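Dear colleague,

Here is the structure I said I would pass on. My notes on it follow below.

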Amino acid sequence: MKITGKHSLSVVIKWMIHIAMVAGIALMLSLPWTLKWLMQLLFENVSSHYRFYLIILYVIGLCLLFILNELRIMFVSLERTDPFVYRNVIALRRMGVAAGILSLAFVVKMFVVNTPMTVLSFFVFFVAMLLSFVLGEVFQKAVAYKQDHDLTI
Amino acid sequence: MSIIVNLDVIMAKRKISVNQLSERIGITAANLSILKTNKAKAIRFSTLEAICRELNCQPGDILIYEEEGQK
């Protein structure tokens, strides 16, 4: 199977991102009710942390949707087999910022309701932030090389 | 850029169009146009050689150095 271009793996991943985005938006819209239902199911009452959970989950959800949208833009460029464009450098930097906000959100959660999963999520998004910024720089260099190559006659 | 591509003057002297020259030297008309309008960042020796051969000129006739700000 081809990795980039039409009818390739990148198109499959792009559609998976679309589905994840739709599911994410639906989950965000139904969050106040879903969270209440889940808390009743797990703890048998809506705890005092309901408002905190709601806020932190909205922050996390919005950041994840933002990251998915930037990834979608990158995969669209992969479908066009033209990934080395400046827009992808911006996408990687924006994803880095969003991952940074996510790791901060998990730090905040660590102080209020700490679980092993929260600590793990913090590390995952912290590393994702660093990787995104480094990849952004690598992409910027690649864009410059491509421009040099394209304008060498 | 300080290096000016003087291709349009030589082409006018030789009375040759962009399409004709691009066909003879084996590059696209779009690329030749980039070269002609000074938008190129570099030129390959093979391209320069082909241009000099077809236009019967020297590299110095095509490429001119001008100090920044001088026009």
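B:C57 counts as buried, because its relative accessibility is 9%, under the 20% cut-off. Please keep in mind that this is a predicted model, and that the values here are computed from it. The cysteine sulfur closest to that of B:C57 belongs to B:C52, 4.4 Å away. A disulfide needs the two sulfurs within 2.5 Å, so this pair is too far apart for a bond. In chain A, A:C63 is another buried cysteine, with a relative accessible area of 10%.

Next, the interface between the two chains. On the chain B side 11 residues are in contact with chain A, and on the chain A side 6 residues take part. The area buried between chain B and chain A comes to about 760 Å², and carbon and sulfur atoms give 57% of that area.

The rule finds 1 salt bridge across the interface, along with 7 residue pairs in polar contact, both residues of each pair being at pLDDT 80 or more. Helix α3 of chain B, residues 29-36, gives the most to the side that touches chain A, with 3 residues. By class, that side of chain B has 6 nonpolar, 2 polar and 3 charged residues.

Last, a position within chain A. Is A:T118 buried or exposed? A:T118 counts as buried, because its relative accessibility is 3%. This threonine is found in helix α5 of chain A, which covers residues 116-150. The side chain of A:T118 makes a polar contact with the side chain of A:T115, at 2.6 Å. Leaving aside neighbours within four places in sequence, A:T118 is in contact with A:F106, A:K109, A:M110 and A:V113.

Regards

Methods. Residues are numbered from 1 along each chain as its sequence is written. Chains are lettered from A and ligands numbered from 1 in the order in which they are written. This is a predicted model: local features need pLDDT of at least 70, side-chain atom pairs count only at pLDDT 80 or more; totals for chains, interfaces and linings use all residues. Side-chain values use heavy atoms; hydrogens and water are left out. Buried means under 20% relative accessible area, exposed over 50%, partly exposed in between (1.4 Å probe, protein chains only). Contact means heavy atoms within 4.5 Å. Buried area is the accessible area (1.4 Å probe) that two parts lose on being put together, summed over both. A salt bridge is a side-chain nitrogen of Lys or Arg within 4 Å of a carboxyl oxygen of Asp or Glu. A polar contact is a pair of N or O atoms within 3.5 Å; within protein, one must be able to donate a hydrogen and the other to accept it, and residues adjacent in sequence count only if both atoms are side-chain atoms. Helices (H or I, at least four residues) and strands (E, at least two) are DSSP runs, numbered from the N terminus. Ala, Val, Leu, Ile, Met, Phe, Trp, Tyr, Cys and Pro count as nonpolar, Asp, Glu, Lys and Arg as charged, and the others, Gly among them, as polar.
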